[in-house]
Structures are given as C-alpha cells and as structure tokens.
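Here's a quick briefing on a few spots worth a look in this model. Have the structure open and follow along.

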Amino acid sequence: MAMASLVKVILGSIAFAIFWVLAVFPAVPFLPIGRTAGSLLSAMLMVLFQVISPDQAYAAIDLPILGLLFGTMVVSVYLERADMFKYLGKLLSWKSKGPKDLICRICLISAISSALFTNDTSCVVLTEFVLKIARQHNLPPHPFLIALASSANIGSSATPIGNSQNLVIAVQSKISFGKFLIGILPAMLMGVFVNAVIILLMYWKLLSSQKDEEDATADVVAEEDVTSHRFSPATMSHETSLNSQERNSRAESINFQSSPNVNINIVHVDTLRNRASSIENEIHRVHSGAIGTPGNSNESKEVSTDGSSQRREEAFSPKGVASTIRLSNVLSQQILDGKENLATRWKKILWKSCVYLVTVGMLISLLMGLNMSWTAITAALALVVLDFKDARPSLEKVSYSLLIFFCGMFITVDGFNKTGIPSTLWDFMEPYAQIDHVSGTAVLAVVILVLSNVASNVPTVLLLGGRVAASAAAISAADEKKSWLILAWVSTVAGNLSLLGSAANLIVCEQARRAPHLAYTLSFWNHLKFGVPSTLIVTAIGLMLLR
C-alpha cells in the first residue's frame, strides 16, 4: 500500500499516538481520561482529520468480535453466580502440601481457567484467594502473584476465547475453535510447566524458609475466608475500573452474607424440637409422679412428692401451658421455613447444574466448529432465560467500557493503516520474517514481542495480522495457519515481559494493592526480573511446538 498524503500521515500519526499513550498509560497527568475515552477520542480525530470517512469508520468496527466478547462476558457473570470461581478457590488450598505445591496449583488452575474464562477474569477472581492463602502459610505473596499473572497469560493463549487478541485472530483468520486449540495446546502446556519450573528455581530459597513469627494481619484470615471472595468481571485495568470492581464485589458480598442460611435454620429447628421433646417428657414424668408407685421409702416419697408438686404446678399453670403452646407454634413455623429453605436449596443446585451444562454445551459447540460469536451469544441468552428473573443486575456487570474501547480501537487502527506507515514498515521487514526459515520465525517473533509491549498486543495483532498471514499464504496454506498461531502465541506470552505488558498483570497488581487487610505491592522491577527470562524461554520453546 502506498503512503498517503503528507498531511494525512502526520494527522493520522497524531491520532494514533494519542491512542497509544492513553492505552499504555491511561492516567497520564495531562489527559487522565482513561483507555476507553482515549480510544473514542482517537477514533473521532481520525474522522475529523479526514484520514478515514464516517462510513469507513463504521465499517471498521468488527461486530463478530464484539459479539463473541459480549457473549463470553455474560457467561462468565453467570458462572460467577453459580459459584464456579469459589470452587476454583477451594482447589487452590485443598490438601495443600506446602509452598511449592501451591505454586504448581496456582500455575495450573490459573492457566486452565484463563483458557476457558479469559485471563482478565481469572486474575480478578483468584488474586485475593492467592493473597489469603499466602498469608495463611506465612509466605511472601509476590512469587504466588507472579505465578498467577504469568500462567494466566500463557494459559489464555490456548483458545480463541482466552484473551482479546485471540478473539481478533480467530475471527479474522477463520480458524475453527478446535484447530486453534489443537495447534497451540502443546505449546501452552509446556509453557505453563516451564514457567512453573522457572518460578520454583528463582524463589526456591524463599519458598523453603517459612516465616517463624506470625504476621499480625494473619489473624484476619480464617479458613472460610479463602472461599468467600465474590467475583466481579474485569472491566478495564486502570484505576477507575478497579474501584468499580471493588464496589461491585463488596456489594455482592453484603448481599450474599445477608441471605438466609439453610443450615442455621435446620439446626435451630432441631434445637426447638429437642426442647419440645424434653418438655413433653417432663410433663409425662410429672404426670406419672402424680399417680405414684408403692414400695418406695418414706424419704424417697417425700423428695418425689415435693419435686412432683413443684413441677406439676409449673407445668400445668396457665403460664406454663401458654409457653408450651407458644413454643409449639414457633416449632411448627420453623419446620415449615426449613422445608421452604430446603426446596430453595435444591432449586439453586438445579440452577447451578443448568449453568454448568449450558457452558459445557457452548464449549462443545465451539469445538464442533459452529460460529463462535453466535454460539457465545446463544449461550448467554440461554442463561438469561434459565435464570427466569430480571437480567439487568447480571447484564450491568458486563464491561461495556471494554466493548466501547474495542470500537474506538478498530476505527483508530484502520485509520492508521490507511496512512500507509504500517505497510511501509512491513515491506521493509517482510524479507527477513519468512516463517519457512528458523531465522525468519525468530525475527517475526522478536517484532511481535517488541510491538506487543510498545503498542499493546491487540493493536499489534490488528496491525500485523493480515500482512503476516498474506506473506505466509504465499508459501503455503499450512504456513498461513501457522503464522496466525505464531501471532497468537507470541503476542500473548509477550504480556509476561513486564508489568505493563498485559491487562492481566495490571489487574493482579492493582487487586493485590487494594485488597483489604492483605494489601501487597508487586513492584515493576520484581516482575521484570522474572518476566524477561521467562518470556524469552517460554516463547522460544512454544514456537517449536506450534502445529
């Protein structure tokens, strides 16, 4: 593609630069409007500067990607309500055998959950669990937080619904869910294993020496607290959105705690039933004592007579009878309430089962090669109907700001493409980035790695995807598919290079910093010390296993 006019190149570059700055640094002092507003501002400037026309801007918005993103977010909301993520939290601490076992569990669970529910969602859900478990074992949190974020990024590479850039790649490449999974799964599994080994080697001494003294804040972490965190889906990973997530999470936690507890009611019913039985026995004994039995000693008769008289007076007095009747009425009401709560509990179990079945059905449909966008939307609407109540509270948890961000990004990237700058740069790099040679694959991987950390992974995929695939298609159809998988793998694992490399990293960092009683700051340099070697090693090993 030829370069556009000098004016369009300059204005388009300015609009794209604004998008880049606000996407990477959403709270810059001179324009702290955040990613979503920055994306819309850049899109508007592309149209105002006449880099693209309004009709071209509308055409640039990729509706199938937005539909797939919306559907998976709704399904995640209903899975949260069905306590799926609470069970994942339980798996982290169930029969744990020490710090190294915890690292391996976190790596495995975060990778699998990210592949199925997106990496951002998994990080929002599991960060507080990880902090609580680390505090319970008197261990420094940062190895566990790094394990969570890095494994979530690697695990999300395995499926088209694992992260945002994979959504874009799956829709643009038209690679089916099953072929995508088969192509990257071996690399993902080996990547998670190697990543866990690197963490264990780097922090072996730290994980081997538990703190002798109890942390003062450890008292606030009870065993049941590890499974009490409530999930609110990730919106955008800047400060405002995380505050919103905390508010939603706390509100839900209050609602959850104020709900009736079936077990308490049942125990209360049993207590009342026992009390009623003891009163009946007492009355029966008093009545029997009133009749008397011959053959007892005089002393026994006196004691029995005195005790019997007193109990008889208490039991058959108007006050005692009224108390017994009142207790009987309370008991009857509690038994009825217990039956109602039992029925409610079974309804909830049935509803949870339906949510899990619909989710499994969605995954099977995706594996069968059905349209990914409409499959996700169908599953979301099926869950809405099965819930059989106003869907507004659940739909309000969907990250509409993320959907709007994508709309603005599509327009901005399309406008920047029309300046001719990306094509010119690719024409220069293409001869050195042919994937039919090891050196060409290495060069392409380095370009993707650098751009993903400089311009963020989704814009990198939008800028390079079509060009890389077209270049590979000239070699063979198999190489075209492989080029898309290389793009998915490298752009995703690149997020582990630095703390700013992916939204999942920032979510873990911010969630940990704001966790009540458990706050911990994961520093940029702490992450970078691990991120550079892990990213380079995992990327290289994965490239050899892509199919």
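Let's start with a pair of helices: the axes of α18 (residues 400-418) and α21 (residues 457-473) come within 10 Å and cross at roughly 45°. Keep in mind that this is a predicted model.

**α18 against α21**

- At roughly 45°, the angle falls between the 35 degrees under which helices count as roughly parallel and the 65 degrees where roughly perpendicular begins, so α18 and α21 are oblique to each other.
- The crossing of α18 past α21 is right-handed.
- On the α18 side, the contact is made by Phe406, Met409, Phe410, Val413, Phe416 and Asn417.
- On the α21 side, Val458, Pro459, Leu462, Leu463 and Arg467 make the contact.
- Sorted by class, the residues of this α18 and α21 contact come out as 9 nonpolar, 1 polar and 1 charged.

**α6 against α10**

- Helix α6 (residues 99-117) and helix α10 (residues 177-202) have axes that come within 10 Å and cross at roughly 150°.
- Angles over 145 degrees count as roughly antiparallel, and α6 is therefore roughly antiparallel to α10.
- This crossing of α6 and α10 is right-handed.
- From α6, the residues involved are Lys100, Ile103, Cys104, Cys107 and Ala111, and they meet Val192, Ala196, Ile199 and Leu200 of α10.
- The class count for the α6 and α10 contact is 8 nonpolar, no polar and 1 charged.

**What sits over α19?**

- Helix α19 spans residues 421-429, and its buried residues are Ile421, Pro422, Ser423 and Trp426.
- The cover over those buried residues of α19 includes α1, α18, α20 (438-454) and α21.
- Two of those names, α18 and α21, are the helices that cross at roughly 45°.

**Ser491, inside α22**

- Ser491 is part of helix α22 (residues 477-493).
- Its relative accessible area is 0%, and under 20% counts as buried, so Ser491 is buried.
- Where does the side chain of Ser491 reach at 2.6 Å? That would be the backbone oxygen of Leu487.
- The Ser491 side chain also reaches the backbone oxygen of Ala488, at 3.4 Å.
- Leaving out neighbours within four places in sequence, Ser491 is in contact with Gln165, Ile448, Ser452, Asn457, Val461 and Ile486.

**Ala57, inside α3**

- You'll find Ala57 in helix α3 (residues 54-60).
- Ala57 is buried, with a relative accessible area of 5%.
- If you don't count residues up to four places away in sequence, Ala57 touches Val47, Ile52 and Ile411.

**Pro26, in a loop**

- Pro26 lies in the loop between α1 (6-24) and α2 (34-48).
- Is Pro26 buried or exposed? The relative accessibility is 13%, and the cut-off for buried is under 20%, so Pro26 counts as buried.
- Pro26 and Thr36 are 10 residues apart in sequence, and their C-alpha atoms are 8.8 Å apart in space.

Note on methods:
Residues are numbered from 1 along each chain as its sequence is written. This is a predicted model: local features need pLDDT of at least 70, side-chain atom pairs count only at pLDDT 80 or more; totals for chains, interfaces and linings use all residues. Side-chain values use heavy atoms; hydrogens and water are left out. Helices (H or I, at least four residues) and strands (E, at least two) are DSSP runs, numbered from the N terminus. Buried means under 20% relative accessible area, exposed over 50%, partly exposed in between (1.4 Å probe, protein chains only). A polar contact is a pair of N or O atoms within 3.5 Å; within protein, one must be able to donate a hydrogen and the other to accept it, and residues adjacent in sequence count only if both atoms are side-chain atoms. Contact means heavy atoms within 4.5 Å. Axes are lines fitted to C-alpha atoms, for helices over the stretch in contact, and angles run from 0 to 180 degrees between N-to-C directions. Angles under 35 degrees count as roughly parallel, over 145 as roughly antiparallel, 65 to 115 as roughly perpendicular and the rest as oblique. A crossing is left-handed if the near helix is turned anticlockwise from the far one by less than a right angle, and right-handed if clockwise. Ala, Val, Leu, Ile, Met, Phe, Trp, Tyr, Cys and Pro count as nonpolar, Asp, Glu, Lys and Arg as charged, and the others, Gly among them, as polar.
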